[in-house]
Amino acid sequence: MNHWTKEKLDFNDIQRLMSRLIEKVSFLQGLTHKEVQKLLESAEKCTFEAGEAIVRQGSTGAFLYVLIEGSVAVLKAPSPADGKHPPKELARLNAGDCFGEMSLVDRDSRSASVIALSPCVLIRINEKACWNEPVASAKIFHNIARTLSRRLRTMDEAFVVGRYGD
């Protein structure tokens, strides 16, 4: 069962978490401790057990998720007209990875589902927190663009290999 909590973190907890996040989370690269702290002030902590859906394809939401512990699978279901085929795994994400960034950029519905593969601890960051401070927002947007570009390159390569073979 998933558990969303809005926890007040003490100063030491925030400092430890900020150091871990800044080092490991690509979407936070270049942000100062103060900018990350502002993001964490409105963040929510959530936990999921293995097998639980964190987000579902087609749902809406304006949140970015940062995986603190555990691993998840990103699954894309075929179109309703092609419902005979099971969902395809697009990626596996681990601690330090993020997802949900597309919803922050285009405000469209979720393009894939994300399922916990193991017990997970995540931080959910609201869209408003990401775009609240102009300087930090520019850094976040640049990092999201970098992440999306990297994922597109990976998918392009997988498409070419899948279509034309090795």
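This is a predicted model: local features need pLDDT of at least 70, side-chain atom pairs count only at pLDDT 80 or more; totals for chains, interfaces and linings use all residues.
Me: Is E101 buried or exposed?
Reply: Side-chain values use heavy atoms, with hydrogens and water left out. E101 lies in helix α3, where helices are DSSP runs of H or I of at least four residues and strands are runs of E of at least two, numbered from the N terminus. Because buried means under 20% relative accessible area, exposed over 50% and partly exposed in between (1.4 Å probe, protein chains only), the relative accessible area of 3% makes E101 buried.

Me: Which residues is E101 in contact with, leaving aside its neighbours within four places in sequence?
Reply: Contact means heavy atoms within 4.5 Å. With neighbours within four places in sequence left aside, the partners of E101 are L64, I144, L148 and R151.

Me: What is the volume of the largest pocket?
Reply: A pocket is found on a 1 Å grid over the protein atoms alone, as an open set of points with protein on both sides within 12 Å along at least five of seven lines, whereas a cavity is a set of points where a 1.4 Å probe fits but cannot get out; lining residues have an atom within 4 Å of a point. Grid points are joined across faces, edges and corners, and a volume is the space filled by probe spheres set on the points. On that basis the volume of the largest pocket is about 660 Å³.

Me: Which element supplies the largest share of the lining of the largest pocket?
Reply: The lining has 27 residues, with V74, L90, E101, M102 and R151 lying nearest the centre of the pocket. At least two lining residues come from each of β5 (71–76), β6 (88–94), α3 (101–106) and α5 (134–164). The largest share, six residues, belongs to α5.

Me: How many residues of the lining of the largest pocket are charged?
Reply: In this classification Ala, Val, Leu, Ile, Met, Phe, Trp, Tyr, Cys and Pro count as nonpolar, Asp, Glu, Lys and Arg as charged, and the others, Gly among them, as polar. The lining divides into twelve nonpolar and six polar residues, while the number of charged ones is nine.

Me: What is the relative accessible area of L90?
Reply: L90, one of the residues nearest the centre of the largest pocket, lies in strand β6 and touches V74, K76, A112 and M155, not counting residues up to four places away in sequence. L90 and L75 are 15 residues apart in sequence and 5.7 Å apart in space, C-alpha to C-alpha. L90 is classed as partly exposed because its relative accessible area is 37%.

Me: Why do the buried residues of α2 lie on the same side of the helix?
Reply: In α2 (residues 33–41) the buried residues are E35, V36, L39 and L40. They lie on the same side of α2 because the arc that they cover around the axis, taken from the directions from the helix axis to the C-beta atoms, is only 140 degrees.

Me: Which residues is E35 in contact with, leaving aside its neighbours within four places in sequence?
Reply: E35 lies in helix α2 and counts as buried because its relative accessibility is 16%. Leaving aside neighbours within four places in sequence, E35 is in contact with G30, V135, A136 and K139.

Me: How far apart in space are A136 and V36, C-alpha to C-alpha?
Reply: A136 lies in helix α5 and is buried, with a relative accessible area of 7%. Although A136 and V36 are 100 residues apart in sequence, their C-alpha to C-alpha distance is 8.7 Å.

Methods
Residues are numbered from 1 along each chain as its sequence is written.
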